[in-house]
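Good morning, everyone. Please have the structure open while I talk.

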Amino acid sequence: MKRFVLVVAVLLMAAGVVFSLGGKDQSAASDGRPSIRLITDATGIDDKSFNAAAWRGILEYYGDTWENQANRGTLYDVVTCQTQDMYIPTLKQVSDEGYDLIVTTGFTFADALNEVAQLYPEQKYMIVDVDYVNQPNVMQFMFSEEQGSYLVGVAAALQAKEEGVANPKFGFIGGVPGATITKFEMGYIQGIKSVFPDAQIVDFYANDWGKPELAKAQAKNWYDSGVYAIFSAAGGTGGGTIAQAKEYRQQGKNVWAIGVDSDQYADGIYEGDKSAVLTSMIKRVEASTMYALDAVAKDTFKSGVVTLDMAADGVGFSAANPELSAAVVKQIEDLKADIVSGKIKVIGTYKDAMAAGVAPAGLGAMDN
């Protein structure tokens with residue numbers, strides 16, 4: 001049996017799956033804490049964004065840090081699938097290893113998880129950004145991305161106003177189009193238009209989570225045409241926007257990138273504490289992995305959808321950049337309170353945003 005597992009592992013590695021051997025039987029029996037394996041797309045945990053946030057929650061749960069991952073390979077580990085056709089075989093392989101919880105990140109895993117979860121009814125699974133894998137052994141997490149994105153849209157617009165930028169233009173770069181990324185774009189647009197009702201907004205979808213060169217080229221074109229700030233909700237692809245903004249700010253050009261999921265302020269640093277990332281839409285994916293692990297540990301794990309909105313501190317914004325005006329930060333905090341109270345309602349679908357007159361026609365956003 002061990003030889004068979006090893007052969008399967010070698011085949012998977014040859015096919016583009018990066019992982020390490022080992023399972024629950026090597027660790028959790030003596031520790032008492034649940035064991036977990038994270039499965040990501042090709043961008044892996046080094047995307048400095050979505051996957052990194054999920055991994056950060058796992059590290060925090062076990063008392064580890066990015067620099068000291070003492071329990072990796074025993075209580076927890078990660079598998080990176082280089083191609084989508086490896087999702088199902090990888091899920092099956094990991095399910096055979098006996099981990100207490102298996103986590104998949106992102107809606108591109110939905111179909112694969114739906115199929116595999118039925119084959120392993122005793123295995124507990126968790127997925128982020130999906131609410132339609134209705135299997136009795138799957139916990140699903142959704143976030144109110146439109147709420148946090150509204151805040152960074154306001155931040156960019158108010159910053160432009162304070163800097164005296166006339167008729168600022170704004171850009172949005174998405175990864176793979178779908179309902180989740182649409183929420184980012186719609187919230188961002190509504191935030192901008194609450195300050196500049198007639199603002200020009202352009203968008204671009206890379207159809208990939210791991211091609212920063214596409215975002216960099218698009219960002220350069222937009223910045224050259226007068227776009228002031230670009231918000232990227234594109235996983236590792238969005239790193240290209242930050243790279244281009246860094247180059248241009250080093251040259252003295254007044255352009256900004258806006259980070260996503262994790263606080264990407266540090267990724268934009270180009271001199272001292274100067275960063276090309278004005279702010280970031282914080283999506284606390286780490287809260288979902290910690291929530292699920294805690295549920296497994298307490299034997300309270302159950303299927304269904306858990307929504308982490310702004311009231312639950314699931315989304316927010318970063319004020320790490322000292323160049324983000326203090327007056328702007330104060331206004332954003334007030335707006336945050338209004339969203340939590342329900343005074344401000346942010347629309348999350350393109351169809352409804354167009355119907356309400358708060359989003360232009362012709363964007364690349366998709367509601368499904």
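Where is Asp-299 found? Asp-299 sits in the loop between α10 (285-297) and β14. Helices here are DSSP runs of H or I with at least four residues, strands are runs of E with at least two, and both are numbered from the N terminus.

Before we go on, a word on the source. This is a predicted model, where local features need pLDDT of at least 70, side-chain atom pairs count only at pLDDT 80 or more, and totals for chains, interfaces and linings use all residues. Residues are numbered from 1 along each chain as its sequence is written, and side-chain values use heavy atoms, with hydrogens and water left out.

Back to Asp-299. Its phi is near 60°, a positive value in a residue other than glycine. Is Asp-299 buried or exposed? Asp-299 counts as exposed, at 68% relative accessibility. Buried means under 20% relative accessible area, exposed means over 50%, and partly exposed lies in between, using a 1.4 Å probe and protein chains only.

Now take Asp-129. Phi of Asp-129 is near 75°, again positive in a residue other than glycine. Asp-129 lies in the loop between β5 and β6. Asp-129 is buried, with a relative accessible area of 7%.

On one side of β6, Val-138, Gln-140 and Met-142 are buried. On the other, Met-139, Phe-141 and Phe-143 are buried.

What does β6 pair with? Look at β5 (residues 124-128): β5 and β6 pair in the parallel sense over 4 bridges. Two strands pair if DSSP finds at least two bridges between them. Tyr-125 has Val-138 of β6 as its bridge partner. β6 also pairs with β14 (residues 304-308), in the parallel sense over 5 bridges. There, Phe-141 has Val-306 of β14 as its bridge partner.

Next, another sheet to find on your screen. Which order do the strands of the open sheet of 6 follow? The order is β8-β7-β9-β10-β13-β15, with mixed pairing. The edge strands are β8 (200-205) and β15 (315-317), and each pairs on one side only. Inside the order, β10 (residues 256-261) and β13 (residues 277-283) pair in the parallel sense over 5 bridges. Ala-257 stands opposite Val-277 in β13.

On to the cores. A nonpolar core is a set of buried Ala, Val, Leu, Ile, Met, Phe, Trp, Tyr and Cys residues joined through side-chain atoms within 4.5 Å. The largest has 97 residues, and those with the most contacts inside it include Tyr-125 and Phe-170. Which helix gives the most to this core? Helix α6 (residues 145-162) does, with 9 residues. Apart from that core lies another, of 15 residues, with Ala-257 among them.

Last, α6 again. The axes of α6 and α7 (residues 179-193) come within 6 Å and cross at roughly 35°. Axes are lines fitted to C-alpha atoms, for helices over the stretch in contact, and angles run from 0 to 180 degrees between N-to-C directions. Residues meeting there include Glu-145 and Ala-157 of α6, and Thr-180 and Tyr-188 of α7. Contact means heavy atoms within 4.5 Å.
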